[in-house]
Amino acid sequence: MPDWNMLTLVGADRPGIVSRVTRALYTCGCNLGEASMIRLGGNFTIMLMVSGERPCEELLAALHPVAEELGLRVHLDPVPGGLHRHLVPNLQVRVFGADRAGIVADVTEILAEQGFNILELESDVAGDAQHPVYIMNIQGYCEHTIEALETALSALSNRGVSVDVAPVDVLIG
Amino acid sequence: MAILDILKLPDPRLKQVSEPVERFDDDLRGFVADLEETRLAGPAAVGIAAPQVGRFQRIVIVDVSGRPKTPNHGHLILVNPEIVHWEGYAIGREGCLSVPDYTGNVIRATGIRLKAQDLDGRESEYVMEGYEARAVQHEMDHLDGLLFVDRVVSRRTDLYRRKVYQT
């Protein structure tokens with residue numbers, strides 16, 4: 001029996017989405033776990049762990065009026081896995097280049113071949129409409145050296161993509 | 001010597017501002033020995049501050065000498081430390097013995113000049129950079145009731161937020 005649900009909500013951004021959604025979940029008796037909420041291209045996106053003690057139907061029913069009013073699309077999946085399962089990244093890969101299809105696939109395929117486990121990936125399209133620039137920041141864990149990763153990624157620089165690999169030093173104090 | 005209990009979030013005592021050390025005596029030396037034993041007993045911490053074990057005096061221990069290629073001053077016991085100059089800024093990921101199971105990105109000065117006393121009250125000045133400077137800033141925050149979670153930034157929005165330091 002999974003102990004969590006993964007709740008996904010997407011809708012046009014406007015003030016008040018987080019407060020309305022989380023209030024509805026609290027009123028329904030839910031606990032919240034880890035969450036990622038961010039604005040992407042004018043949409044507000046939420047991925048949120050919700051404690052799985054309530055049946056999915058009950059959660060969806062509780063969210064329905066809020067989703068209807070705010071124009072949010074809602075998706076709910078029971079998922080295994082709880083809290084306190086953080087993996088700490090040891091490497092950061094920063095990528096930028098003229099925007100073209102396939103940059104993410106090119107970079108991440110090479111990383112996957114090196115056994116690089118992606119823990120976080122953020123990307124943006126900057127520049128302007130005529131000259132878009134793709135910027136991506138990946139953090140993850142890999143047992144290979146920075147030099148090995150740089151060598152593996154060097155083919156990309158010949159294709160106009162700048163890739164930089166740096167350590168993520170976690171200071172514990 | 002003894003391994004002391006580490007205060008953990010959300011213990012309100014972690015927000016307390018610590019007092020300067022005025023007596024450099026055997027009690028202080030005994031406490032610092034216990035503090036060091038406590039640091040070494042847990043996860044691989046490069047520093048620890050007295051308030052983390054419930055003693056609200058301005059004492060920190062920092063030792064980044066175990067990291068290869070990291071400029072450092074060795075094992076430091078800093079009593080009444082004071083940063084007198086800051087420069088540069090960088091984001092780095094930090095965790096804390098008082099905040100288990102969480103790491104976050106924090107902006108810190110990349111170079112500092114520091115005055116501090118030792119266990120006998122003698123004053124020294126240090127010029128520090130990089131990881132050691134970050135460790136000292138992290139530990140000294142504890143003396144003012146600040147945790148790294150008070151300073152966590154988002155890479156997405158805070159990467160270029162410049163912190164204004166007084167010189």
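**Figure 1. Charges and fold of chain A.** Chain A carries 10 positive and 22 negative side chains, and the centres of these two sets lie 9 Å apart. Here Lys and Arg count as positive and Asp and Glu as negative, while His and the chain ends are not counted; each charge is placed at NZ of Lys, CZ of Arg, CG of Asp or CD of Glu. A friendly word on what you are looking at: this is a predicted model, in which local features need pLDDT of at least 70, side-chain atom pairs count only at pLDDT 80 or more, and totals for chains, interfaces and linings use all residues. Residues are numbered from 1 along each chain as its sequence is written, chains are lettered from A and ligands numbered from 1 in the order in which they are written, and side-chain values use heavy atoms, with hydrogens and water left out. The fold of chain A has 4 helices and 9 strands, where helices (H or I, at least four residues) and strands (E, at least two) are DSSP runs numbered from the N terminus. Read along the sequence, these elements give β-α-β-β-α-β-β-α-β-β-α-β-β.

**Figure 2. The extent of chain A.** Along its principal axes, the C-alpha trace of chain A spans about 55 × 40 × 30 Å. Its radius of gyration is 20 Å, whereas a compact globule of 173 residues would have one near 16 Å. That radius is taken over C-alpha atoms, and the globule rule is 2.2 Å times the number of residues to the power 0.38. Of the 173 residues in chain A, 35% are buried; buried means under 20% relative accessible area, exposed over 50%, and partly exposed in between (1.4 Å probe, protein chains only). Chain A exposes about 9700 Å², with carbon and sulfur atoms supplying 55% of it. Such areas come from the Shrake-Rupley method with a 1.4 Å probe, and for residues only the protein chains shown count as cover. Among contacts (heavy atoms within 4.5 Å) in chain A between residues at least 6 apart in sequence, 71% join residues at least 24 apart.

**Figure 3. Two loops of chain A.** Have a look at A:His84, in the loop between β4 (73-79) and β5 (91-98). This residue has a positive phi of about 60 degrees although it is not a glycine. Most residues other than glycine have a negative phi. A:His84 counts as exposed because its relative accessibility is 62%. A:Glu53 sits in another stretch, the loop between β3 (43-51) and α2 (56-70) of chain A, and is exposed too, with a relative accessible area of 70%. From A:Glu53 to A:Val74, 21 residues along the chain, the C-alpha atoms are separated by 19 Å.

**Figure 4. Where chain A meets chain B.** The contact takes 20 residues from chain A and 20 residues from chain B. Together the two chains bury about 1700 Å², 47% of it on carbon and sulfur atoms. A:Leu171, A:Ile172 and A:Gly173 are well worth a zoom, as they supply 43% of the area that chain A buries against chain B, more than any other three residues. Buried area is the accessible area (1.4 Å probe) that two parts lose on being put together, summed over both.

**Figure 5. The fold of chain B.** Chain B has 3 helices and 7 strands, and from the N terminus on they run α-β-β-β-β-β-β-β-α-α. Its radius of gyration is 15 Å, close to the 15 Å that the globule rule gives for 167 residues, so chain B is as compact as a globular protein of that length. The C-alpha atoms fill a box of roughly 50 × 35 × 30 Å along the principal axes. Of the 167 residues of chain B, 50% count as buried. There are 22 positive and 26 negative side chains in chain B, and the centres of the two sets lie 8 Å apart.

**Figure 6. Backbone details in chain B.** The peptide bond from B:Leu9 to B:Pro10 is cis, with omega near 5 degrees. Most peptide bonds are trans. B:Pro10 belongs to the segment before α1 (26-41). Further along, B:Lys69 lies in the loop between β2 (59-62) and β3 (76-87), and its phi is near 65 degrees, a positive value in a residue other than glycine. At 87% relative accessibility, B:Lys69 counts as exposed.
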